[in-house]
Amino acid sequence: MAAITTRTRALRLHRPWDGGVTHNHLVVTRVTTASGAVGTGFAWTPRVGVGAVRALLEEDCPAALVGRAPDPGPRWAELTAHLADAGAGGLAAMATAAVDIALWDLAARAAGRSLVGLIGARRDRVAAYGSGVNLDYDLPDLLEQVRGWLAAGHRAVKVKVGSPDLDRDVERVAEVRRVLGPRRLLMLDANQRWDLPAAARALRALERFDPHWIEEPLPAEDLAAHAELRRRTAVPFAIGENLRTPRAFAAALAAGVCDIAQPNAVRVGGITPFLRIAVLAADHSVPVAPHLLPELSTQLALCVPRAAMVEDIDRASLAALGALAAPSGVQIADGWAEAETGPGHGLDFGAET
């Protein structure tokens, strides 16, 4: 590699997410070889850290990369080790992800293949589900959002739970189930809002609505509490958006508390560790349902050994937020996600500004 360049973008959400999140943030990264070939990657964060990730990329990453062959696997391992003083996971992983995604894009382009073609497709399409950050929505707005997903052809939807008043959650989930009917899938996401007693009470109250999974019922790394909750409920656990390393996923899988693995390709450090996590999950007969980033997540879900669904986040894909200068080649329609990107991953963030 000859050079790494970065720039940041703030993407305004169409409607604030729970807690007043108004923007998603990107660090767009380009790696350039001595021959002039270019690969594009990115890091993503909804709230904080974009400046710190950019600083790592500009100040610390070049020493481990410039002058080295642009091979994703070896460079990911070396860069992870190089940034170890900044901690495992977290900001260091996000910076590593931006480089790793760029190197995979570069490798696919050099081979004249799509990212899916380079990794190896295992399926032509993967199921998608409608998802929203909607705990702050009043009930009419929530039901309007759900009806919009059904009108778009989705047969599965996910809504937030974890209100301070459990009766509010019960009322909202009951109404969503009524709109969905008995055959469509309903997933619930608590976003780590519960402790163990609250989670046990909530799931006892919500089980009758047949949740396909409960996402992040407890703090992500508290495996002992998850194991105890597993003894109290039959609802499958979907976890992983806040597990930041392959080792963290391995521990959750070994503990038997991860029924659906949800790695976020940026938060775990890029495509290289994402694929390793998918293999770990498959070894435990656990499918992967990638967290957010549908334009990239769809491509990866087409390639992993076991795939559940990809998340069609309401008006917050890269395309919907105006991040892309051209269509990515990823399409979500009628409850299915497909990808046909041409060489590379197809994510064109436009010219440097």
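Predicted model: local features only at pLDDT ≥ 70, side-chain atom pairs only at ≥ 80, totals over all residues.

Residues are numbered from 1 along each chain as its sequence is written, and side-chain values use heavy atoms, with hydrogens and water left out.

**Exercise 1. Describe how helix α4 packs against helix α11.**

Step 1: Two packed helices are described by the angle between their axes and the distance between the axes.

Step 2: Locate the partners. Helix α4 covers residues 90-111 and helix α11 covers residues 271-283. Helices (H or I, at least four residues) and strands (E, at least two) are DSSP runs, numbered from the N terminus.

Step 3: Take the geometry. The α4 and α11 axes are 8 Å apart, at an angle of about 90°. That makes α4 roughly perpendicular to α11. Axes here are lines fitted to C-alpha atoms, for helices over the stretch in contact, with angles running from 0 to 180 degrees between N-to-C directions. Angles under 35 degrees count as roughly parallel, over 145 as roughly antiparallel, 65 to 115 as roughly perpendicular and the rest as oblique.

Step 4: List the contact residues (contact means heavy atoms within 4.5 Å). From α4 come D100, I101 and W104, and from α11 come I271, T272, P273 and L275.

Step 5: The contact of α4 with α11 has 5 nonpolar residues, 1 polar and 1 charged. Ala, Val, Leu, Ile, Met, Phe, Trp, Tyr, Cys and Pro count as nonpolar, Asp, Glu, Lys and Arg as charged, and the others, Gly among them, as polar.

**Exercise 2. Decide whether helix α12 is covered or open, and name its buried residues.**

Step 1: Buried means under 20% relative accessible area, exposed over 50%, and partly exposed in between (1.4 Å probe, protein chains only).

Step 2: Apply the scale to α12, residues 294-301. The helix is mostly covered, with 8 of its 8 residues buried. They are P294, E295, L296, S297, T298, Q299, L300 and A301.

**Exercise 3. Find how many disulfides the structure holds, and look at the cysteine C258.**

Step 1: Count. There are 0 disulfides, a disulfide being a pair of cysteine sulfur atoms within 2.5 Å.

Step 2: Check C258. The closest cysteine sulfur to that of C258 belongs to C303 and is 20 Å away, too far for a bond. C258 is also buried, at 5% relative accessibility.

Step 3: Look at C61 too. C61 is buried, with 0% relative accessible area.

**Exercise 4. Examine the salt bridges R54 with E58, R231 with E228 and E215 with K158.**

Step 1: Begin with the total. The whole structure has 16 salt bridges, each a side-chain nitrogen of Lys or Arg within 4 Å of a carboxyl oxygen of Asp or Glu.

Step 2: Take R54 and E58. Their closest N and O atoms are 2.9 Å apart. Both sit in helix α1 (residues 50-60), 4 residues apart, or about one helical turn. R54 is partly exposed at 26%, and E58 is partly exposed at 42%.

Step 3: Take R231 and E228, which meet at 2.7 Å, N to O. In helix α9 (residues 223-232) they are 3 residues apart, about one helical turn. R231 is exposed at 61%, whereas E228 is partly exposed at 23%.

Step 4: Take E215 and K158, a salt bridge of 2.8 Å, N to O. E215 lies in strand β7 (residues 213-215) and K158 in strand β5 (residues 156-160), so the pair ties together parts 57 residues apart in sequence. E215 is buried at 0%, and K158 is buried at 1%.

Step 5: Widen the view. Salt bridges that share partners link K158, K160, D189, E215 and E311 into one network.
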